[in-house]
Structure formats: structure tokens, C-alpha cells
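Here is a short briefing on one protein and its ligand.

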Amino acid sequence: MFISNIKIDGFKNLSSVNIDADKQINVICGDNAQGKTNLIEAIWLCSGIKSFRNSKDRDLINLDRQNFSIEISFENNLRKQKIEYKLEKTTVKDKYIKLNGVPLRNSSDLFGNLCCVVFTPEDLFISKGSPDNRRKFIDICASQIKNSYRKVLNQYDEILLQRNFLLKNIGLGKSSPSELDVWDEQMSRLGSYISVIRYIYTKKLNIFAGKLYNEISQGKEQLNIFYESSVFKSLENRNDYNGEMADEYLSMLKKSRQEDIKTGFTTIGVQRDDLICNINGLNCREFGSQGQCRSVALVFKIAQAYILYEETKEAPCILLDDVLSELDAKRQEFVLSRISDMQVFITCCEDIKLNKNKGKTFYIKKGRIINGQ
Ligand SMILES: Nc1ncnc2c1ncn2[C@@H]1O[C@H](COP(=O)(O)OP(=O)(O)OP(=O)(O)O)[C@@H](O)[C@H]1O
Ligand SMILES: [Mg+2]
């Protein structure tokens, strides 16, 4: 799948952008604060996933404008498609979104059409940062493959919020512990399901990322990734998330109930799980060097693209925001060679030394494309 044309107007600082994209490599070049990341963000928005910068809807509209519009045409061998996304400042809740001319109710309904993998400098620290980042990574990856998974995650988050609220009220003597039962039961089923999906994804990630890591380290280092559950000792061959697994989850919640009431939050569950990355048997979070962590991040992202490709039978579009400049020549070459059959958008401040015969370079200044070739 590849994007053929992008039109953006009024999105943050972008104005009258009209790009006929190359099927393979598109370099967006410009000084700081000219709108490179905004362009990547606008594309990402059309993939149906929340902004990777966590921007609020209202903040997406240019400060001096009343609305923005994005139009992305993309195609594969079988058909051409178009996404239109508009937002008005006055009615920011009512998004005007169309897929192939058909109005959609929510931006999340766009999900699964324009599949993208975005890679930003913050991602470089995925193996070092807090578990939260790794859970988010795996949840986005898994939901790109299985749309219904996102709904389960949202339900779980909602229940977690309610349960934590109740725990605080129990601590204050305003509610009784028995009120937890109804939440615990729902949490157990949803949490078991999330554990299964994450475990299955981690196994795939381990295979793809493990192989890539072996290549990037020229066979010197071995990467192993596994899912660390705060509830289940092992998740191997388990998928009875409405039965046995939910019972086990529930009994763990009961066990930690006193502790939960004392602390005022839920101390076990999928919100506490982690993705462990070991290099040659040593945990990357504690022992990984900077270079190793960068390599892990790279192979995670490439693996995400490969898995998405395998599962959807469609090459995703790769968005590399400012990451190439963060990498040495060897790693740059590694990334580009591994995604050479996918369309890529690369932002950078200087002209990067890519194969000049390939692709297009667009120069951006004050939110406008000043020339394309
Ligand atoms: N709602 C908005 N209205 C107008 N301008 C905005 C809005 N939101 C952000 N901007 C501006 O857009 C500009 C470009 O931001 P962007 O992050 O795309 O820059 P960039 O080219 O990626 O720069 P860098 O190389 O530093 O990453 C910023 O100066 C920011 O202030
Ligand atoms: Mg930027």
C-alpha cells in the first residue's frame, strides 16, 4: 500500500500542502519548527490512531484559522482509496471524516485502512523507559492487527478507573469492599483477554525482532523478548480467558484486595505488566548500552511493520520522524534496506545522503512545501 497524494491545509502550521508522493522514498527536509513533524502527524491521524504527540483536537487547528482539512489518497494493487478529515474549531467534537466518500462517525472507524508505522526519536528509548511505553507499543501493534482489541483496552481502562475510585472511597469509609466484586469480575475477563493477545504478539515480536537483531549485531548478540505478567506464571498455550484464566485472575485480585485498599489503586493486573528485552541474557533496561537500546528500538519498529505486513497482507507506510539523523550510517543503512519494499516518509533537517536516484525530496518552510522534485 502506498500514499499517492497528500493535501493539508490549516493543520497546525501547515498551509496549502499538496504532495504527489513517491511510491518508495519521500524525504521531507526543512529547518527546525517548519512543520515536518506536523506533516507526519497529519498522516498518522488518518490511520485512525490517536495523535502520537497526544495533541488535543482543538490544538490541531491552526491558531489563526477556523478549520483544517486533510485529504490522503492511497492505493494498493487492487484499488484506490481516499480519506478526508476535517475539523472545525466551533464544533470540534463533530469531526467530518470520510472514507471513499462515505462519512464515518469516529476517527477510530478509520482504523485498519491506511496502515502506518511511525518512528520518532522518543521511540529510541523504548527498551530503557518505563514499562508504560512498552505496553503502549504492544497495544498499538496488536490493535493494528485486531481492531476489536482496542475496544477491550478501552473497557479495561474504564473499569480500572472505576475500581481505583472505589478503592479510595473504601479507604475513606464511604463504600464497602463488597462493591468491588462486580468490577473484579469484569476486570478478570478483560484482563485475561488482554494478557493472551499481548502474549501472542510478544511471541511474534520475539521471532521477527530477534532475527533482525541478530543481523544488526552481525550475529554477535541475541535478543530475547518475553511478556512478564503480574498475574499469570505462564501464558503458554492458554486462551480460556472467559473461564479458567478469568478465575485465576479473580483470585489474584482477591488476594491483593487488602493491599489495594491500603494503597488506593489496583496493584496487580495488565496495567502492571511489562515486556522484557534481554540481550545475551541481560535485561536491556538495566544493562543495555545506548547503542544496544537504539538497535532494539529499530528492530522493534521494523518487526512491527513486518508483522503488520504478514497479518494484513498489505505493506504499511513507514513514517520516520527525525530518526535517521539520530542513527549512525550503519544503522541508517540497516533500516532503509529492511524496509525497501515499503513506502517511507523521512523527515530531516539536512539533506540526507540517500541514493539520489531514488525517491523525491520535499523542502518545507513555514508550513509550506517550497519545492518538490
Ligand atoms: N495549532 C497550531 N497553529 C499554528 N502553529 C502551530 C500549531 N501547533 C503547532 N504549531 C507550530 O508548528 C511549528 C512546526 O512544528 P513541527 O513540530 O512540525 O516542526 P519540525 O519541522 O518538526 O521541527 P523540528 O525539526 O524541530 O522537529 C512549531 O513552531 C509550532 O509552534
Ligand atoms: Mg520535528
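Which residues of H6 are buried? They are Met245, Ala246, Tyr249 and Leu253. Their directions cover an arc of only 95° around the axis, which puts them on the same side of H6. Keep in mind that this is a predicted model.

**Helix H6**
- An α-helix has 3.6 residues a turn, so residues three or four places apart point the same way.
- The face of H6 turned away from the buried side carries the exposed residues Glu244 and Lys255.
- On the buried side, the residues of H6 pack against two helices: H5 (180-216) and H7 (257-263).
- Helix H6 runs over residues 244-255, which is 12 residues. At 1.5 Å a residue it should span 16 Å, and its end C-alpha atoms are 17 Å apart, which agrees.

**Around ligand 1**
- The shell around ligand 1 holds 16 residues. The closest are Asn13, Asn32, Lys36, Thr37 and Asn38.
- By type, the shell has 8 polar, 4 nonpolar and 4 charged residues.
- Helix H1 (residues 36-45) gives the largest share of this shell, 3 residues.

**The whole protein**
- The protein has 15 strands and 10 helices.
- Its C-alpha trace spans about 65 × 55 × 40 Å along the principal axes.
- A compact globule of 373 residues would have a radius of gyration near 21 Å; the protein has 22 Å, which agrees.
- Of the 373 residues, 39% are buried.
- Among contacts with a separation of 6 or more, 73% join residues 24 or more positions apart.

Notes
Residues numbered from 1 in each chain as written. Chains lettered and ligands numbered in written order. Predicted model: local features only at pLDDT ≥ 70, side-chain atom pairs only at ≥ 80, totals over all residues. Near = placed C-beta within 6 Å. Helix = DSSP H or I, 4+ residues; strand = E, 2+ residues; numbered from the N terminus. Nonpolar A, V, L, I, M, F, W, Y, C, P; charged D, E, K, R; others polar. Expected span 1.5 Å × (residues − 1). Buried ≥ 20, exposed ≤ 12 C-beta atoms within 10 Å, placed from the backbone. Arc of directions from axis to C-beta. Contact = placed C-beta atoms within 7 Å. Rg over C-alpha atoms; globule rule 2.2 N^0.38 Å.
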